[in-house]
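Dear colleague,

I am handing over the structure below, and after it you will find what came out of going through it. Please read the notes with the coordinates open beside you.

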There are 4 protein chains.
Amino acid sequence: MEVGIIGATGYSGLELIRLLKNHPQVTNIMLYSSSQSGETINRLYPHLQNEQWKPLKEIDLNKISAEIDVMFLATPPGVSAEWSGPLLEAGLSVIDLSGDLRLTDRGVYEKWYKRPSAKEGLIEQAIYGLSEWNKSTIKTAKLIANPGCFPTAALLALIPLIQAGAIERDSIVIDAKSGTSGAGKSPTSMTHFSETNENFKIYQVASHKHTPEIEQQLAKWGAQPPLSFQPHLAPMVRGIMATIYAKAAKPLSNEWLTDCYNSAYENAPFVRIKENGTFPATKHVFGSNYCDIGFCYDERTGRVIVASVIDNLMKGAAGQAVQNFNLMHGFDETAGLEAVPMYP
Amino acid sequence: MEVGIIGATGYSGLELIRLLKNHPQVTNIMLYSSSQSGETINRLYPHLQNEQWKPLKEIDLNKISAEIDVMFLATPPGVSAEWSGPLLEAGLSVIDLSGDLRLTDRGVYEKWYKRPSAKEGLIEQAIYGLSEWNKSTIKTAKLIANPGCFPTAALLALIPLIQAGAIERDSIVIDAKSGTSGAGKSPTSMTHFSETNENFKIYQVASHKHTPEIEQQLAKWGAQPPLSFQPHLAPMVRGIMATIYAKAAKPLSNEWLTDCYNSAYENAPFVRIKENGTFPATKHVFGSNYCDIGFCYDERTGRVIVASVIDNLMKGAAGQAVQNFNLMHGFDETAGLEAVPMYP
Amino acid sequence: MEVGIIGATGYSGLELIRLLKNHPQVTNIMLYSSSQSGETINRLYPHLQNEQWKPLKEIDLNKISAEIDVMFLATPPGVSAEWSGPLLEAGLSVIDLSGDLRLTDRGVYEKWYKRPSAKEGLIEQAIYGLSEWNKSTIKTAKLIANPGCFPTAALLALIPLIQAGAIERDSIVIDAKSGTSGAGKSPTSMTHFSETNENFKIYQVASHKHTPEIEQQLAKWGAQPPLSFQPHLAPMVRGIMATIYAKAAKPLSNEWLTDCYNSAYENAPFVRIKENGTFPATKHVFGSNYCDIGFCYDERTGRVIVASVIDNLMKGAAGQAVQNFNLMHGFDETAGLEAVPMYP
Amino acid sequence: MEVGIIGATGYSGLELIRLLKNHPQVTNIMLYSSSQSGETINRLYPHLQNEQWKPLKEIDLNKISAEIDVMFLATPPGVSAEWSGPLLEAGLSVIDLSGDLRLTDRGVYEKWYKRPSAKEGLIEQAIYGLSEWNKSTIKTAKLIANPGCFPTAALLALIPLIQAGAIERDSIVIDAKSGTSGAGKSPTSMTHFSETNENFKIYQVASHKHTPEIEQQLAKWGAQPPLSFQPHLAPMVRGIMATIYAKAAKPLSNEWLTDCYNSAYENAPFVRIKENGTFPATKHVFGSNYCDIGFCYDERTGRVIVASVIDNLMKGAAGQAVQNFNLMHGFDETAGLEAVPMYP
C-alpha cells in the first residue's frame, strides 16, 4: 500500500510518519506540500535523520493515482474542503484529520469555525471516523472525517452512558485538559515555554469548536441539549484528560457502570476500562493508541464522574487515522499501532 | 510582634518563614519542633542559607508566652487538635493551617478525615479564616482555622453567586487542578518526578476532604445540597485553578456577573476580578496572595463558568494565614504580602 | 527617587518593575516605549493587574530630567548605544542591562555581536557593574554596563581563583545551563513548549557573545587566554548553573578553596559560599539576588570544579541592576532585594 | 526465543518489556522476582493493562533452562554478581544491565561502588556490551556487561577521537546532563517533583561511579590519565546529553572531524553524525536507540567540543541490551528497535 501525507511538517503529520514508517502494510510514504516543495523532512526535523526521505513535492492530480492509494490530510482548516473532492475523483481514499468535514450542519460549522464550510456534497460523503462506534461504515468508506482530539476522549466515555439512557443529557459537563502539542508547531505566546511551564490556563471559554462535534455525535442516540465542554492547557506536551460529570437518570452503581463499559468495549482493542476504584493518568497511554476510561458513581451527588485519557496525537489524531486506515482496507485493526505506551 | 511556627520544615511552614522574615511588624520568628529539635532550618533547606536562624526547639508551655505572641501551626492532621488548646491557655493567639478545626460538625470531620476530630469546645472557638468574608470576626479572633487551598479558590468564586441567589445550588461542579506542592514534601510515587512530569492525574475521586469544607461554608447562605468537587494533579509545583460550572437560577448576563463580583470584592486587596472576556492563569498569581477570578455566562447551556486561581502555598495557605494575622492584630491587611507575582 | 525603564515589556524589564515597585527609595516608576506608547503594562501582563500603572510613554529628552533621576535600559542590542549618551547629557544616571557597553574593545564587540558597536567615548564612560568586584567605581558611576547573566555566574566563581593565581588560565572550561527566560519573550521554535519540555539543548557552540565579556573581565588580573564557554538550554524558566573546570596551578585543597571564597566574599551580602561537600541547585536562589557557589578540588585529575548558580533575571539582570542602583545612590546594598528565595 | 527479566518492575526492566513485547524473534517473556513473586506487572504499572502477563515468579535454577534462553538482569548492585554465574551454569545467556561486571579491576570497583565486587572469574567472562565497538566479541558472548548510560554517551563520542590520536588525553572534561529516570523508580527528595521541576542540580561531584568505566574503556587505546566526568540532573524524565571538551593533539578542522566520525560509524545503524554546524538535542532521540553526535573544532581555544545525546533508558540501558541480544543471536541488529523517535 502506498500512502501520501499532506501536512507532514505539522505535529499530526509527523506522528503519521512515525506510525506509517513501520506499518507492515505500507510500502511507500509520499509527502506532499505546496509551500515547502523540494524540502526534505529530516532537515526540518532532525529526529528523522538517517532515514531515507524523498523531498516534499507538489500534488499533481493527474499523476497522484499512480503514486499513492490513500491520502492523509493533516492540515489546517480549509485545505481538506478544497482538496478532498479532487483526490476522491482521482481515485484515492482520503482520511482527513482536520475539522473540515466533521460537522454535517454547514451553519453550525460556519458559526463555530467562523469560516465558510465545505460543500454539502462533500460533507455528505464523509464518514465520521470514531473507530469503535462507526466500524461498519468506516470499513466501506472512501472519505473519513477523523474525529477531533477532545471529541474522541469525550465520546468514548459518554456514548455507552447515553446509549444506555443512564445520564440526564442536559446535565453533562466536560472539563478537558490538554498538553501543548494540540496547539501545533507554530510558536505563540500561548505556548511559549517561559509562559507555559509552571502555568495552568483555561482557553476558549464556552466557545471551543469541538463542542458541536461532541453534541452532534451524541445526538445520534436522541436529541442532545447543549452541553458544557471546556478545554484547559496543562504544562505538558502530550495527553488529554476529559473529566466528565453528569446526573444519573436512573439508579446506578459502580458495578452497573463497570458492566456498561466492559460490554461496550469488549471487542475494542484500544479502549481499556479501569477496574472499579482505579483511574487513568495521561501517561498511561503516552505514545500509544489507547483510550483509558475510569469512572465512579457518586451517591452523595447522584452524579457519574468519568475520566478518559488519550494521547492527543495518537488516538486523538494520527493513531486513530491509522486505525481507520486499517479498518478501511481490511488490515488488522491494530496493525502499526502495537507499541506499548512509553513509561515513564 | 514575636511569632512562632510549628511545622516550619513543611512547605507551608517554609512559605510562612519567607513571608514573616520580611514582615514589617514581625521582630522575631521562633521555629518549634519536637522531632527535629536542635536542627537548624538552613541546613535542611539551603535556600535559607546566610540568614541567622535559631535552632528548632521543643515547645515548653510554661515559657512559650514569654517567647512569642502568636503561633502558626503548619502541621499534619491531629497536631492542632492537640496543641491549640494549651497554646490558647498559655495566652497566645493561634493560626492553624491544618484542617483540624475547619469543620464544625465532628461527625462530618470523622467521616471525611477518617480520624478522631478535635474536641467540640475547641472547634467552637475557631473562626474560619476566609479573610474576605469573615473579616469582622477574624479581627477579634484568638484562634483561626485557616481555610484549605481548594476551598479558598472555590469559595471566593462561589460565595458572590450564592449570596445573590444566582445559581442553582444542586448544579455546582468544581473541577480543580493543583500543582504538586500541595501534596507536601514527603517523596511518594504520586509526586515522583519521573511519574509526574508529562502526566496529568485525577485523584481522590468524589472523596476529597475539602468537599465538606466547601459545602459547610456555602451553607451559611442557606442549605447547600451536596456538590461535586474533584481535584486533579497538574505537572507543576505551585498553583491551583478551580473551574466551576453551575446552572443559572435566574436570567443572567456577563454584565451582571461583572457587577456582582466587582461589588463583592471592591474592598478586597487580594481578589482581582478579570475584565469580561479575559480569564486567569495560575502564573498570574505565582508567589503572591492574589486570587484572580474570571467568568462567563454561557447562554447556550444556561451555565455560569468561573475560573479562579491562587498560589496554593500563598492565598491557599501561608499567605492567607499572614493576611489573617494582619487582620487579627490591626495591621494593614497587606503587610508583608505586597510582593508582585513573579512572572515569568 | 524617581526611576524610568525602557524595555519594560521584556522579561528583564518586568523583573525591574517587580523589584522597584516595592523598593523603599523609589517613589515613582515611569515606563517608556516608542513602539507601544499609550499602552498600559497591566493589559499586556495580567499578573500586574490591580496596581496603578501610567501608560507607556515616548521619551522626550527635553522633559525627561524633570520626570526621573535614573533610567534603566532593558533593551535589545543597539538601543543603549543610541540612547545612553543623550540620557546622560540630560542629566540622568543610566543603568544599561544590554550588552552594548560591556566590551571595551569595539572590534571584539563587532566580531561577536555582528553589528556596529557604540561610540568609543560612550563605552569609556561605562562602568562594568559586577557589584561585588567593582563596588568603588560603581558608587561614583553615572553609566553602568550591567553584566550579562552567564558572565555574572562565571565571574563570581572564577575571579577569586584567578586573583589567587590558583588555576591555569588556559585550562578553563565553563559549561553553562540556562532556563528559557534568558531567551526573552518572543516566541520561537527554540522556546516553543512542545519542543522544549523534556528536551535539553546545546546552542551557539563556541560562539556565544558572553565569551569575550568573561575573558575581558578575567584579563584584569593578567592576560587571559581564550577560554571555552558553552551555553545549554534546560527545560525550566529561570536559573543558570555554570559548572567550571580548571587545572590547579599549584597544590590546592578543599580547605584552601573554602578560605579563598569565604575571604573574597565575606562582605558580599548576595554571594553565599557552600560548605565543603555541598553544592548549589538553581532553585536555591529562585527569585532572589543570590549567587550560590560550591566547589571541589579533585585530586585525581588536579582540577578545581566549581558550580555557581543564579536566577538569570535577578542577579543575572534586574536584581544586579537594582544592586548597582543602590550602590550608585548610597542606599543599603540590599534595599529592595531582601526577598527570601521562593522554595519550592 | 524465550527471554526472562529479573528486575522488571524498575524503569530499565519496564523498558525491556516495552521493547521485547514487539520483538519479532521473542515468543515469550518471563518476569522473575523474589520479593514480588505472584504479583502481576500490569497491576503495578497501569500502562501495561490489557496485555496478557504471567505473574512474577521466583527463579528456580533447576527449571530455568526449560523456561527461557536468555536472561536480562535489570537489577541493583550485587544481584548480578550473585546470579549471573548460576544462570550461565544453567545454560542461559545473560545480559546484565547493572554495573556489577563492567569494571575489570576489582579494586577499582570496590573503591567507586563502595561494596564488594563480583568474583574475578565471573568478571573475566563478561564482555563489555558497547555494541558499536565490541561487535565481534559480543556476537559470541554468553555474558554481557551492558554499558552504563553516561559511559555510552561519552564513549561513542570519544572513542573515534582517541583512536585517531586527535585529542590530548589529559585534557578531557565530560559535563553530562541527565533526566530523572536514570535515578530509578524509588521516590526520594532528589527526585521529588516539587524540588526537581524548575531546578537544575549537580550531584556526585568528581565521584560518580561511571568515571572509571569510561576511563577503563578509553584505556584500551592506550593509557588513559584520569578524566573529569561530572553528572547533573535536568528537570526532565528521559535523555542524556554529554558535552565533551578536549584539547586537540594535532591540527584539526571541522572537515576532519566529520570524516573521523562518519567513517567510525558508517556501518552503525544507531549512531547518527550531525552535519557540520548542527547539534543534537535529547528530544531528537526520545524513545529510540539512537545516539546523535554533533561536534565543533574551536580554533580560538584549540578545543574539540562534542555533544552526544541518547535516551538513557534506550541506548543507555534497555535499547542497547536488546541490540546486544540481537548481535549475540545473529538477528538483525535493529530488530525490535526500529521505532522512530517520538517527537514532539
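A:Lys177 and B:Asp175 form a salt bridge in this predicted model, and the closest N and O atoms of the pair lie 3.1 Å apart. The count of salt bridges between chain A and chain B is four, and if one turns to polar contacts across the interface of these two chains, 32 residue pairs are found, with both residues of a pair at pLDDT 80 or more. On the side of chain A that touches chain B, the residues divide into 25 nonpolar, eleven polar and 14 charged.

As for the extent of this interface, chain A contributes 50 residues to the contact and chain B contributes 50 residues. The area buried between chain A and chain B comes to about 4000 Å², and carbon and sulfur atoms give 58% of it. Within chain A, the residues that lose the most area to chain B are A:Glu198, A:Phe200 and A:Arg300, which together account for 19% of what that side buries.

The relation between the copies is the next point. Chain A is superposed on chain B by a rotation of 180 degrees with 0.0 Å of shift along the axis, at an RMSD of 0.0 Å. The same surface serves both of these copies, in that 100% of the contact residues of chain A recur in chain B.

For chain B and chain D, the superposition likewise takes a rotation of 180 degrees, with 0.0 Å of shift along its axis and an RMSD of 0.0 Å. These two copies are therefore related as by a two-fold rotation axis, and in chain B the C-alpha nearest that axis belongs to B:Phe193, at 2.2 Å from it. Because 100% of the interface residues of chain B are also interface residues in chain D, the copies meet through the same surface.

Finally, a note on the fold within one chain. In chain D, six strands form an open sheet with parallel pairing, in the order S2-S1-S3-S4-S6-S5. The edges of this sheet are strand S2 (28–32) and strand S5 (127–128) of chain D, each of which pairs on one side only. S5(D) pairs with strand S6 (residues 143–145) of chain D in the parallel sense over two bridges, and there D:Tyr128 has D:Ala145 of S6(D) as its bridge partner.

With best regards

Notes. Residues numbered from 1 in each chain as written. Chains lettered and ligands numbered in written order. Predicted model: local features only at pLDDT ≥ 70, side-chain atom pairs only at ≥ 80, totals over all residues. Heavy atoms only, no water. Least-squares fit on C-alpha atoms with pLDDT ≥ 70 in both. Contact = heavy atoms within 4.5 Å. Buried area = accessible area lost by both parts, 1.4 Å probe. Salt bridge = Lys/Arg side-chain N within 4 Å of Asp/Glu carboxyl O. Polar contact = N/O pair within 3.5 Å; in protein donor to acceptor, adjacent residues only side chain to side chain. Nonpolar A, V, L, I, M, F, W, Y, C, P; charged D, E, K, R; others polar. Pairing = 2+ DSSP bridges. Helix = DSSP H or I, 4+ residues; strand = E, 2+ residues; numbered from the N terminus.
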